[in-house]
Amino acid sequence: SIFHYSLGLVIVSGRAGPAAVLRMPVMHAPALGLLCTLLGWRPPDAAMRGVELLGDAAVPVMLVSLGIRMRTVRLQTLRPALLAVVLRMAPGLAAAAAWVTLMDLEGAARGVVLLTGVLPSAVMNFVLAEGAGEPSEEVASAILLGTVISVVAIPVVLNLL
């Protein structure tokens, strides 16, 4: 998450500096969690329940936002989306194959790493683009197309395992 919301924000916006990165709440959470652990302090259960409820709602809210944006997907955005998907899945699978070879992984660990290499882009990329005020329609198109392609790519990789 730290890399996603720091380096990812810089890549998406092309102009984000340290101040923009530090405004992201996800950048503060690990430090606060580590501090609480080191001090042996646990927030009250009532506060933790509120945080837990917000956390449980985060993914569904992101998916609804992505779904709303997908209504506006046009055919013109599918060509760059296809390029983005290919640039995500092909190097991802190559990196995963190199990793399992380098680490001499076998069995379930090998399968998980290889499968992760062909997974589609996550909804977090859409949220990052939306939050940075960048055009998110292209990101939504890439996620949609990547998910459709993964319906074929994942069974192929599973069959090769």
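Trainee: How many salt bridges does the count come to?
Mentor: The count is two salt bridges, taking a salt bridge as a side-chain nitrogen of Lys or Arg within 4 Å of a carboxyl oxygen of Asp or Glu. This is a predicted model, where local features need pLDDT of at least 70 and side-chain atom pairs count only at pLDDT 80 or more, while totals for chains, interfaces and linings use all residues. Residues are numbered from 1 along each chain as its sequence is written, and side-chain values use heavy atoms, leaving out hydrogens and water.

Trainee: Which residue does Glu-52 form a salt bridge with?
Mentor: Arg-49, with the closest N and O atoms 2.9 Å apart. They sit three residues apart in helix α4 (residues 45-70), so about one helical turn separates them. Helices here are DSSP runs of H or I, at least four residues, numbered from the N terminus.

Trainee: And Asp-45, what does its side chain meet?
Mentor: The side chain of Arg-42, in a salt bridge at 3.5 Å, N to O.

Trainee: Is Asp-45 buried or exposed?
Mentor: Exposed, at 56% relative accessibility; Arg-42 is exposed too, at 55%. Buried means under 20% relative accessible area, exposed over 50%, and partly exposed in between, with a 1.4 Å probe and protein chains only. Glu-52, at 43%, is partly exposed, and so is Arg-49, at 44%.

Trainee: New topic. Where is Leu-39 found?
Mentor: In helix α3 (residues 25-39). Leu-39 counts as exposed because its relative accessibility is 64%.

Notes:
Helices (H or I, at least four residues) and strands (E, at least two) are DSSP runs, numbered from the N terminus.
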